[in-house]
Amino acid sequence: MYPDLKLFIDGKWRRSNADIPVINPATEEEIGRLSCASKNDLDDALEAAVKGFEIWSNTSPRKRSDIILRAATLMRENRDEIAQSITLEHGKPIKQSKLEVIRGAEFFEWDAGEAMRTYGRVIPAAPGHKYSVHHQPIGVVAAFSPWNFPMSQPARKIAGALASGCSIILKAAEETPAGAIHIAKAFEDAGLPYGVLNLVFGRPSEISNYLIPKEPIRLVAFTGSTSVGRELSTLASQNMTRSLMELGGHAPVIICEDTDVIKSAILSANRKMRNSGQVCTSPTRFFVHERIFDDYAEAFVKHVTSIVIGNGMDSSVEMGPTANSRRIAALRGLVEDARDNGAIVATGGNRIDMKGYFFEPTVLLNVPKNSRIMSEEPFGPIAVINPMKSLDDAISQANSVPYGLAGYAFTNRADYIDQLIDRVEVGNLSINTLEASMPETPFGGVKSSGHGREGGLEGLQNYMSIKNVWHSAKIS
Ligand code: NAD
């Protein structure tokens with residue numbers, strides 16, 4: 001079921017001389033060998049993307065939309081096959097992989113609709129004069145997607161670029177290449193003109209350093225860590241190339257005293273462990289009113305210890321492994337540091353003694369502010385639960401990190417909700433739910449969590465430039 005891992009350049013699949021192994025994180029076994037692009041391959045991708053842009057930007061929005069929708073339908077039809085590939089390479093439970101395929105298709109469907117609504121405007125002018133504003137596709141996009149959602153992360157970037165009329169060279173994650181390969185296959189079958197979508201893999205820094213400074217690249221779109229985002233933005237800025245950065249988060253969850261304690265604790269515990277915590281919007285720092293702290297923490301711990309862990313191909317499994325051994329080392333370091341600073345490890349904290357990169361669902365209580373985990377994104381199955389005295393206290397702790405991607409709260413008090421909306425520094429705030437975004441809502445961060453938005457009405461704006469036209473009826 002796992003696909004052949006080739007490059008897709010100028011509408012053709014190609015193998016390269018160099019390849020790297022792809023490992024199943026649940027078994028540590030090799031499941032495929034991934035072709036890595038040489039400089040010649042990248043030059044070919046650039047040339048193809050320039051040609052692809054010429055064709056695609058001159059294709060009507062309706063036709064672009066039709067092709068995108070056709071590809072999305074094929075992805076839905078192949079949901080089970082794609083989901084199996086995702087679980088094999090990423091480890092997440094098969095049920096979650098299936099949902100991810102559908103979510104990927106939804107990103108395409110939303111942006112396909114938006115392709116026909118990239119309206120400009122007419123500005124009132126003197127008689128004989130017309131001012132109009134036009135949104136035009138920006139050009140060739142260099143995009144970089146990460147491994148935590150092998151299908152929906154590439155989908156966001158490809159959907160935005162293609163719906164806007166841009167061509168794209170995507171470097172998807174080497175650890176989880178199959179999702180992007182399935183997307184490229186769907187577009188090949190849907191009749192996308194050659195060169196509009198090009199897919200490459202290789203050593204990430206070599207590819208970004210080579211592609212980003214190239215003249216045809218007009219936008220760099222990246223999802224990943226803040227440190228890499230900073231490097232790529234710096235590189236892009238040398239040519240004044242625009243960038244769209246969806247970077248790390250360290251989401252606070254504020255649990256107020258008026259909420260349903262047990263319901264919110266169980267929802268929080270489930271959501272924290274989704275995708276083994278490897279989600280940029282993962283709820284991580286739980287600030288719980290001191291009056292309900294003990295009950296909340298007890299219910300949270302009780303629930304995470306009941307989560308079924310194992311190989312995601314087994315349909316009874318609720319949490320798979322982390323994606324690679326780097327995560328295990330990083331998570332252990334954060335737990336040890338918190339413990340040394342006086343935090344209580346209520347459950348977990350260790351690698352699970354079995355084959356695969358499994359880490360125990362971990363709950364840390366009363367974590368001191370100076371612990372690394374209070375400012376570093378764990379990107380794994382670790383929750384921090386700390387007491388708060390008041391909403392003011394919780395909001396100031398929530399805002400105390402350089403990140404501002406997602407934030408959550410549980411309360412029904414109108415005065416609290418008013419304060420939360422005004423004062424929590426995030427791009428996405430959710431109240432009484434831990435869902436952070438939908439295809440139709442704009443997603444992105446503030447502060448060091450990046451800039452630009454994906455989805456919503458705002459998503460395609462990143463991929464377009466604005467042209468103002470002044471037409472005078474007579475030479476004047
Ligand atoms: P990492 O920062 O090395 O890599 C993250 C992603 O960026 C990977 O897909 C990688 O291929 C890519 N990347 C790395 N260096 C690059 C470069 N120079 N040019 C282009 N792409 C590059 O870290 P990691 O160990 O793979 O992942 C852990 C950290 O990454 C986490 O702590 C988390 O903050 C971040 N991350 C964030 C997201 C997200 O959705 N925002 C997704 C995955 C990882």
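Biologist: Leaving aside its neighbours within four places in sequence, which residues is Val335 in contact with?

Modeller: This is a predicted model, in which local features need pLDDT of at least 70 and side-chain atom pairs count only at pLDDT 80 or more, while totals for chains, interfaces and linings use all residues. Residues are numbered from 1 along each chain as its sequence is written, and side-chain values use heavy atoms, with hydrogens and water left out.

With neighbours within four places in sequence set aside, Val335 is in contact with Val345, Gly349, Phe359, Thr362, Leu364 and Ile382, where contact means heavy atoms within 4.5 Å. Val335 itself sits in helix α11, residues 325-340; helices (H or I, at least four residues) and strands (E, at least two) are DSSP runs, numbered from the N terminus. Among the contacts of Val335 is Gly349, which is 14 residues away along the chain, with 6.0 Å between the two C-alpha atoms. Val335 has a relative accessible area of 1%, so it counts as buried; with a 1.4 Å probe and protein chains only, buried means under 20% relative accessible area, exposed means over 50%, and partly exposed lies in between.

We can now turn to contacts between whole helices. The axes of α3 (residues 79-90) and α4 (residues 94-114) come within 8 Å and cross at roughly 120°, the axes being lines fitted to C-alpha atoms over the stretch in contact, with angles from 0 to 180 degrees between N-to-C directions. The two helices, α3 and α4, are therefore oblique to each other, given that angles under 35 degrees count as roughly parallel, over 145 as roughly antiparallel, 65 to 115 as roughly perpendicular and the rest as oblique. Among the residues that meet here are Ile82 and Ile86 in α3 and Ile94 and Val101 in α4, and the residues of this contact divide into 6 nonpolar, 3 polar and 4 charged. In this grouping, Ala, Val, Leu, Ile, Met, Phe, Trp, Tyr, Cys and Pro count as nonpolar, Asp, Glu, Lys and Arg as charged, and the others, Gly among them, as polar.

Helix α5 and helix α6 (residues 178-190) pack at an angle of about 35°, with their axes 10 Å apart. Their contact is made by Pro154, Ala155, Ile158 and Leu162 of α5 and by Ala180, Ile183 and Phe187 of α6, and these residues divide into 7 nonpolar, no polar and no charged.

Asp44 is partly exposed at 29%, and Arg14 is partly exposed at 25%. Another salt bridge joins Lys157 and Glu454, whose closest N and O atoms are 2.8 Å apart. This pair links distant parts of the chain, with Lys157 in α5 (residues 152-164) and Glu454 in the loop between β21 (450-451) and β22 (464-472), 297 residues apart, and both Lys157 and Glu454 are buried.

Notes. A salt bridge is a side-chain nitrogen of Lys or Arg within 4 Å of a carboxyl oxygen of Asp or Glu.
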